[in-house]
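Welcome! Here is a short briefing to read alongside the sequence and the 3D view.

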Amino acid sequence: MQSEELGFAPLEINKLDFETSIVMPKTALKIIPTRIVVPSISLDAPIVPAVEKEVQKSGTTFLQWSAPDEFAAGWQTDSAYLGQPGNTVINGHHNINGLVFKDLNLVEVGEEISIYGSDQEQYTYEVANVMILPERDEPLDRQIENALWIMPSSDERLTVITCWPATSNTHRLIIVAKPIKKDTGFHSIEDIALMP
């Protein structure tokens, strides 16, 4: 199946050859998200581990992530750590319990989201997709299709999710962002040749 068929955004992410050639121990990559900052909506909030709960739907038991019941976003702990390939998923309430994502629907493609990690570093992402998908009272297969957005991915990405609109919570607001790589100070041979 192609990534478009799975519901993932067709993101093309360029990586520096130098960065992709570094092999780091897996334990060195376990950077937990601790804070989310979205300048365009003046959001600055802590991130805490989200909690899974069992829900019944059509006679089948599913695990569902619950957003924190406070002014905090929730990191889905089965999603990717920061700075490594995979889908880092952050959820939060928009109309109850702290309203952490109350203005998330105002975020637009091209804007930046910063996530701070347990390593005290800032990881910045550029919004690539903003989607509002029907959820409540939708057939189970549609809800499962929507859930593909929070599944693991082979590329490095950030997915931020909440309910929408504030008056009914009938939809999911999903934002997908791609990393903006920091200048590591290392340059290719071609770049060095152009330096004074």
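Buried residues (under 20% relative accessible area with a 1.4 Å probe, protein chains only) make up 36% of the 196 residues in the protein chain. The chain exposes about 11300 Å² (Shrake-Rupley method, 1.4 Å probe), and carbon and sulfur atoms supply 54% of that area. This is a predicted model, where local features need pLDDT of at least 70, side-chain atom pairs count only at pLDDT 80 or more, and totals for chains, interfaces and linings use all residues. Residues are numbered from 1 along each chain as its sequence is written, and side-chain values use heavy atoms, with hydrogens and water left out.

**Overall layout**
- The protein chain has three helices and ten strands (DSSP runs: helices are H or I of at least four residues, strands are E of at least two, numbered from the N terminus).
- Among contacts (heavy atoms within 4.5 Å) with a separation of 6 or more, 64% join residues 24 or more positions apart.

**Strand pairing**
- Strand E7 (residues 112-117) pairs with strand E1 (residues 33-38) in the antiparallel sense over four bridges; a pair needs at least two DSSP bridges.
- Across these two strands, Arg35 stands opposite Tyr116 in E7.
- E7 also pairs with strand E8 (residues 122-134), again antiparallel, over five bridges, and here Ile115 stands opposite Tyr123 in E8.
- Four residues lie between E7 and E8 in their hairpin, and Gln120 in the turn has a positive phi of about 70 degrees.

Methods:
Buried means under 20% relative accessible area, exposed over 50%, partly exposed in between (1.4 Å probe, protein chains only).
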